[in-house]
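Please prepare a brief report on how this protein is divided and how its parts meet.

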Amino acid sequence: MRRVSIFGATGSIGQNTIDLIAREPEAYDVVALTGGQNIAQLAQDAIRLRADLAVTADETRLDELRQALAGSDVEAAAGREALLEAADRPAEWVMSAIVGAAGLEPGLRALQRGATLALANKESMVCAGQLMLRTAQAHGGRLLPVDSEHSAVFQALIGEDLDAVERVIITASGGAFRDWPIEDLPKATPAQAATHPNWDMGQRITIDSASMFNKALELIETKEFFGLSADKIETVVHPESMIHALVGFNDGALMAHVGPPDMRHAIGFALHHPERKPLPVERLDLVKLGQMTFRPACEIRWPALRLAREVMEAGGLCGAAFNAAKEVALDGFIDGAISFTRMTEVVEEVLSRVSPRLRHIDDDFGLDMVVEADHLARVEAGNIIAGRT
Ligand code: NAD
Ligand code: MG
């Protein structure tokens, strides 16, 4: 039996991971499940999967979790430290599906004991890509991408020489507002932004899809994960979300990964890697689909894409600042403090203030420096949103 843990088990990726694991109970020994506010879901899954441990990130809700687990053998724990300790428990395969920079440290801890880390938490690569890769290498850990685009690139690269790669094309659905007139975007509400045309995902990533901050993070993730320079990474809007990414080689060949949007494909690929095993995902009927369309990824409509390019070129710890500023701006939008289009303005302003200090930092940075860059950007973003200078 393979020992597995799931971080962010109660979220969209976490639940899809549980769906796959629960289909083969004899194959997996579930070590730890972690969640946030959804105590009932966390407890229910921990009992059903016979997990050793269930952890809520909210330390004020330990009693509630204990009550929900009463009568079972599942151990309960709560708080940030408990989350990190859960990462130290010996699971060979760990799903990293906490949302935001909060997912970085638990993933690092799992890599430090040589685990295979299935990485849905793209923020880890954006904030600390070099640290993640270095940690995996130093401890014999393995990083597998779960973001659908990066799983697609990873699969297209199997058996290929990275030197022969001319370009990587990351597709974008365009999110909730791809057909809106640009002048209406400042009026967009959080509820409107939180509906995705093709994918069923958590609230934060869905809003990030509408603003293209999600794609911006993914471009940076591509650079970090595959060690490609920014000029080799392109974006195209593909409203049907059937092609997840394409890799272009020096002989002109383009290898595409194609399939209906279902995260269980990328999760299952990472779960079974290096083998391929049957997955309960819909098979694509090309004739029924009829056609696939593509549009340019306009940086005027989606300025987050331009910022991503600037962050990739700046390097250092600018990715950590970019992500942190984006998280604060997103909170500001969800809370009604700023408009939809103001989010990118806030992030751009934060970058202009902090990147002179962060861009020259060498790749051998440690976690403390990432935390510091993240904090710096959060303070600046908070000041900008509050109108303080
Ligand atoms: P979600 O909001 O549905 O779930 C997030 C999970 O993280 C929940 O279990 C929540 O309780 C937990 N969590 C939230 N804040 C936390 C904190 N501070 N500390 C500890 N745990 C916390 O999010 P999701 O859509 O499942 O996305 C998870 C990650 O996967 C994100 O990084 C996202 O970008 C990435 N991702 C998601 C999808 C998707 O289809 N949903 C696709 C690609 C990548
Ligand atoms: Mg993605």
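The report below turns to the domains, the interface between two of them, and a loop residue.

## Domain layout

In this predicted model, the protein is divided into domain 1 (2-145), domain 2 (147-260 + 282-309) and domain 3 (315-389). The UniProt record, an unreviewed entry, places the feature "domain: 1-deoxy-D-xylulose 5-phosphate reductoisomerase C-terminal" at residues 143-226. That span is 43% helix and 13% strand, and its end C-alpha atoms lie 11 Å apart.

## Interface of domain 1 and domain 2

The C-alpha centres of domain 1 and domain 2 are 27 Å apart, and 13 residues of domain 1 are in contact with 16 residues of domain 2. Between them the two domains bury about 1200 Å², with 67% of this area on carbon and sulfur atoms. Of the area that domain 1 buries against domain 2, 50% is supplied by Lys122, Val126 and Pro145, more than by any other three residues.

As for polar interactions, the count between domain 1 and domain 2 is 2 salt bridges, and 5 residue pairs are found in polar contact across the interface. Lys122 forms a salt bridge with Glu218, in which the closest N and O atoms are 2.9 Å apart. On the side of domain 1 that touches domain 2, the elements giving two or more residues are α6 (122-139) and β7 (142-145), and the largest share, 6 residues, comes from α6.

## A loop residue

Glu24 lies in the loop between α1 (12-22) and β2 (28-35). Because its relative accessible area is 26%, Glu24 is classed as partly exposed. The C-alpha atoms of Glu24 and Asp363 are separated by 41 Å, the two residues being 339 residues apart along the chain.

Conventions
Residues numbered from 1 in each chain as written. Chains lettered and ligands numbered in written order. Predicted model: local features only at pLDDT ≥ 70, side-chain atom pairs only at ≥ 80, totals over all residues. Heavy atoms only, no water. Helix = DSSP H or I, 4+ residues; strand = E, 2+ residues; numbered from the N terminus. Buried < 20%, exposed > 50% of the residue type's maximum accessible area, 1.4 Å probe, protein only. UniProt positions renumbered as here; feature names shortened; annotations may be inferred. Domains from an automatic or database assignment. Contact = heavy atoms within 4.5 Å. Buried area = accessible area lost by both parts, 1.4 Å probe. Salt bridge = Lys/Arg side-chain N within 4 Å of Asp/Glu carboxyl O. Polar contact = N/O pair within 3.5 Å; in protein donor to acceptor, adjacent residues only side chain to side chain.
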